[in-house]
Amino acid sequence: MLPVSAAFSVSRAVSHGWAALKREPVGLLLGALILSVVEGGGGGGGNNLGNLGNLGEGGGSGDTSALGGDWGGNGDWQQAFGDLGGFEDPAVLGVMAIALSCACLLQLVFWLAASFIRPGYLQLHQELLLEGSSSPGRLFGGSAQFKAMAMWKLLKAVIGLGVTVVALAPGGGLLALGLVQETEPLVFGGAFLMAAVGAPVLIYVHLGLMLGAHAVALDDLGPLDALERSWDLAQGNRLPLLVYGFVTGLFHIVGLLLCCVGVIGTVAMIDFGTTVAYLLATRDDHETWRFISQVGLD
């Protein structure tokens with residue numbers, strides 16, 4: 001096994017990802033495309049740090065208009081937010097309820113689809129790595145881990161929501177108080193607190209959860225055991241994982257600049273490279289892996 005700091009190498013992820021993409025383009029690209037759709041913004045399943053949010057960005061001009069408009073001094077919130085009388089119309093409420101129900105149903109379908117595809121996608125990576133080849137059909141072969149993956153995604157979402165609420169509550173409360181009282185120092189103080197305290201906490205927890213899907217799919221662990229495995233791997237290694245996530249996130253941006261289509265290729269490459277890194281950090285037989293013997297470790 002390699003130390004986590006050595007296993008998660010950006011250069012290795014890119015070079016191995018490119019070599020894998022040339023060998024099995026259909027399976028890797030199809031998996032990355034499906035997961036980019038159903039997981040909302042990347043086949044990496046949240047492994048990178050590009051979508052943690054821009055917390056507490058405020059203007060430095062000292063003017064409340066930087067926060068989104070002139071508040072005014074008359075306290076007329078209805079004028080600020082518009083006429084809300086339309087929400088009293090039963091027809092409007094009915095349309096909103098139908099739209100919300102459809103959105104929830106679509107989210108459920110996406111969650112189930114991602115939970116089915118993600119194990120097969122990672123196992124395709126493993127098969128390609130160990131055997132030197134794979135097939136697109138392997139993408140749909142992870143049904144045995146479907147339930148565990150669905151529960152892992154649910155557990156991760158609950159943890160993420162809870163940590164977000166706790167981490168952002170102090171700054172968010174101060175920000176809300178400042179908005180209500182129309183006091184700029186409280187507004188900017190709350191925004192600063194959210195960025196200075198909330199963002200580091202969210203990143204810390206995100207790094208501890210980022211390898212849970214790999215533990216479910218590749219080690220056949222349940223959600224709680226996957227949480228423990230992922231957290232243990234991140235223990236003492238959050239800085240190299242942060243650098244890895246940040247740089248590979250920039251690599252995805254390069255893909256977006258290629259007419260937005262190239263991001264599917266960069267997602268597929270980095271996803272494969274991340275699986276290689278996980279297996280290098282958790283297995284001690286990499287000398288026998290056919291892909292490694294043909295491509296090399298570095």
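## Overall picture

How much of the protein do buried residues make up? Of the 298 residues, 40% are buried, meaning under 20% relative accessible area with a 1.4 Å probe and protein chains only (over 50% is exposed, and in between is partly exposed). This is a predicted model, in which local features need pLDDT of at least 70 and side-chain atom pairs count only at pLDDT 80 or more, while totals for chains, interfaces and linings use all residues. Residues are numbered from 1 along each chain as its sequence is written, and side-chain values use heavy atoms, with hydrogens and water left out.

## Confidence

The predictor's confidence in each residue, pLDDT, runs from 0 to 100. Its mean here is 84, and 83% of residues reach 70 or more.

Two stretches call for some care. Residues 41-46 stay under 50, and the model has 20 contacts for them beyond four places in sequence. Residues 50-75 also stay under 50, with 28 such contacts.

## The core

The largest nonpolar core has 60 residues, and Phe8, Leu129 and Trp152 touch the most other members. Helix H11 (residues 262-282) gives this core its largest share, 13 residues. A core here is a set of buried Ala, Val, Leu, Ile, Met, Phe, Trp, Tyr and Cys residues joined through side-chain atoms within 4.5 Å.

What does Phe8 contact once its neighbours within four places in sequence are left aside? The partners are Leu211, Leu241, Tyr244, Thr274, Ala277 and Tyr278.

## The surface

The protein exposes about 14,900 Å², and carbon and sulfur atoms supply 67% of that. Areas come from the Shrake-Rupley method with a 1.4 Å probe, and for residues only the protein chains shown count as cover.

There's also a nonpolar surface patch of about 760 Å², made by Leu239, Val243, Phe246, Val247, Leu250, Ile253, Leu256 and Leu257. Patch residues have over 30% relative accessible area and no salt bridge, with nonpolar side chains (Val, Leu, Ile, Met, Phe, Trp, Tyr) joined within 5 Å and like charges within 9 Å. Ile253 sits in helix H10 (residues 238-257) and is partly exposed at 42% relative accessible area.

## Salt bridges

The whole structure holds five salt bridges, each a side-chain nitrogen of Lys or Arg within 4 Å of a carboxyl oxygen of Asp or Glu. In one of them, Glu127 pairs with Arg138, with the closest N and O atoms 3.7 Å apart. Glu127 is in helix H5 (residues 90-131) and Arg138 in the loop between H5 and helix H6 (146-181), 11 residues apart. Both are partly exposed, Glu127 at 27% and Arg138 at 22%.

Asp219 forms a salt bridge with Arg229, at 2.6 Å between the closest N and O atoms. Asp219 and Arg283 are both buried. Elsewhere, salt bridges that share partners join Glu39, Arg118 and Lys153 into one network.

Note on methods:
Helix = DSSP H or I, 4+ residues; strand = E, 2+ residues; numbered from the N terminus. Contact = heavy atoms within 4.5 Å.
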